[in-house]
Amino acid sequence: MEFSRKVVVFCVAGALALAVAGCGNDVTYASQKDLNDKKYATVGLDYQDVEDAAKTAVASMLQSSDFQQLQGKKVIQVADVINDTMQHFDTEQLTQMVLQTLKDKVQDKFYVTRVAGSQSNQDKTIEQSRKLRDNAEFNQETTQEKGTLRAPDLSLSGKVIQRNARVSSSKQRIDYIFILRLVSIKSGLELWSREFPITKLGSNKAVSW
């Protein structure tokens with residue numbers, strides 16, 4: 001019995017020590033200045049990289065003569081953005097930032113549809129709500145009538161590529177290339193496209209995924 005009590009006391013003491021150690025971690029928020037100065041840059045793709053790519057993409061798009069000549073408020077669908085990197089990178093974050101930045105800059109220029117496009121960008125409830133027309137449990141005057149969905153005019157798609165190369169005995173170069181394009185669905189013509197490279201140097205021991 002005495003041995004059992006000692007074991008219990010030891011386990012409780014160990015748990016308390018871990019809890020205190022966890023609470024004592026020196027955790028702080030990175031300031032916006034630190035983020036802008038890339039003070040905490042990593043060899044992998046981080047939020048700052050995605051944000052920079054999105055802002056650069058929108059600035060380029062707005063300067064495009066074809067984009068400037070678009071008449072009326074257009075509907076954009078988000079097609080597939082392929083992740084060809086060695087890390088678990090959510091491409092939806094990139095497209096969402098591009099679309100949000102566009103809205104902030106030219107909110108009267110376009111809408112975003114969540115019916116068409118890649119599966120990850122579709123809102124399933126829109127399609128499911130249409131099935132309520134045949135359900136007798138629902139007041140049919142409150143269901144959505146046919147012919148109300150608006151088809152997209154433009155398609156936003158792209159790809160993110162990663163290339164690693166050793167540049168010395170201790171350093172490696174990592175190139176991330178964001179490729180985005182805007183296509184007219186009616187004509188099939190590419191209205192705008194551009195590559196946005198982000199290059200980083202790091203230790204050969206660093207892992208970029």
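Predicted model: local features only at pLDDT ≥ 70, side-chain atom pairs only at ≥ 80, totals over all residues.
Entry: I looked up where Thr-85 sits. Thr-85 lies in the loop between β1 (74–84) and α5 (91–106).

**Entry: a second reach.** I then followed the side chain of Thr-85 to a backbone atom. At 3.3 Å I found the backbone oxygen of Gln-87.

**Entry: cover.** Is Thr-85 buried or exposed? I read a relative accessible area of 14% for Thr-85. Buried means under 20%, so Thr-85 counts as buried.

**Entry: contacts.** Which residues touch Thr-85, once neighbours within four places in sequence are left aside? I listed Leu-45, Val-160, Ile-161 and Gln-162.

**Entry: the whole chain.** I stepped back and counted elements. The chain has six helices and five strands. I wrote down their order from the N terminus: α-α-α-α-β-α-β-α-β-β-β.

**Entry: contacts along the sequence.** I checked contacts between residues at least 6 apart in sequence. Of these contacts in the chain, 66% join residues at least 24 apart.

**Entry: burial and surface.** The chain has 209 residues, and I found that 32% of them count as buried. Thr-85 is buried too. I put the accessible surface of the chain at about 14,000 Å². Carbon and sulfur atoms hold 53% of that surface.

Note on methods: Residues numbered from 1 in each chain as written. Heavy atoms only, no water. Helix = DSSP H or I, 4+ residues; strand = E, 2+ residues; numbered from the N terminus. Buried < 20%, exposed > 50% of the residue type's maximum accessible area, 1.4 Å probe, protein only. Contact = heavy atoms within 4.5 Å. Areas by Shrake-Rupley, 256 points an atom, 1.4 Å probe, with all protein chains shown as cover. Polar contact = N/O pair within 3.5 Å; in protein donor to acceptor, adjacent residues only side chain to side chain.
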